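The following note was prepared for a colleague who wishes to review the structure shown below.

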Amino acid sequence: MKITDTKIVDTKIVDLEPGDARLTGDLLPVLRELRPHLTEELFREVCAHGHAQGLRFTAAYDADGTCVGAAGWRIVDNTSAIRKLYVDDLVTAANARSTGVGHRLLAHLEEHARATGCYELNLDSGTHRTGAHRFYLRERFDIAAFHFVKELRELPASD
């Protein structure tokens, strides 16, 4: 990876289609840094069911062809935002953080949101992820709501 002044010089952003081997081979290892409970089998299941619900994935590759960032997202039509691009997952590989990967992924998603007529680009972030919150605020996101959760059963344990 070529890094100059803590910025990745060459990052390629790729929207991955269902069935693309890069989903499990490249993107999943990075995604597991955020979602460690995801096994390959569970991820394939989520992809299969989620695609019908609009779930898509985007990967960021460095100049050497290594996946250094991942985003899971969907376009949602609802009464509160009319149409929005909702980011389910956004993660930069630990060895590539603070190099511009997250910014590039968000810029790509924002461009896609605008092109598809979205009124908002939004996401949720765990309350303990203060570093991510600083990043989102720098990216001009506003804290607009509280997200409430009622756990119905535990997530599967990771391998």
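1. Of the 159 residues in the chain, 38% are buried. The model is a predicted one, and the remarks in this note should be read accordingly.

2. The chain comprises 4 helices and 7 strands. Their order along the sequence is β-β-β-α-α-β-β-β-α-β-α. The radius of gyration is 16 Å, close to the 15 Å given by the globule rule for 159 residues, so the chain is as compact as a globular protein of that length. Along the principal axes, the C-alpha atoms fill a box of roughly 45 × 35 × 30 Å.

3. Which residues of helix H1 are buried? In this helix, which spans residues 22-31, they are Leu-23, Thr-24, Leu-27, Leu-28, Val-30 and Leu-31. An α-helix has 3.6 residues a turn, so residues three or four places apart point the same way. The partners against which the buried residues of H1 pack are strand S3 (12-16), H2, S4, S5 and strand S6 (82-92).

4. Arg-74 belongs to strand S5, which covers residues 67-78. Is this arginine, Arg-74, buried or exposed? Its relative accessible area is 15%; because the cut-off for a buried residue is under 20%, Arg-74 counts as buried. The side chain of Arg-74 forms a polar contact, at 2.9 Å, with the side chain of Asp-88. Beyond its neighbours within four places in sequence, Arg-74 is in contact with Gly-50, Gln-53, Gly-54 and Leu-55, and also with Lys-84, Leu-85, Tyr-86 and Asp-88.

5. Rolling a probe the size of a water molecule over the atoms shows where empty space is left. The structure holds 1 cavity of 30 Å³ or more, and the volume of the largest cavity is about 70 Å³.

6. What lines the largest cavity? Its lining consists of Leu-16, Glu-17, Pro-18, Leu-23, Cys-47, His-51, Leu-55, Arg-56 and Phe-57. By class, these lining residues divide into 6 nonpolar, 1 polar and 2 charged. Helix H2 (40-52) and strand S4 (56-61) each contribute at least two residues to the lining.

Terms used. Residues numbered from 1 in each chain as written. Predicted model: local features only at pLDDT ≥ 70, side-chain atom pairs only at ≥ 80, totals over all residues. Heavy atoms only, no water. 1 Å grid on protein atoms, 1.4 Å probe; cavity = no way out; pocket = protein on both sides within 12 Å on 5 of 7 lines; lining within 4 Å. Points joined across faces, edges and corners; volume = space filled by probe spheres on them. Nonpolar A, V, L, I, M, F, W, Y, C, P; charged D, E, K, R; others polar. Buried < 20%, exposed > 50% of the residue type's maximum accessible area, 1.4 Å probe, protein only. Polar contact = N/O pair within 3.5 Å; in protein donor to acceptor, adjacent residues only side chain to side chain. Contact = heavy atoms within 4.5 Å. Rg over C-alpha atoms; globule rule 2.2 N^0.38 Å.
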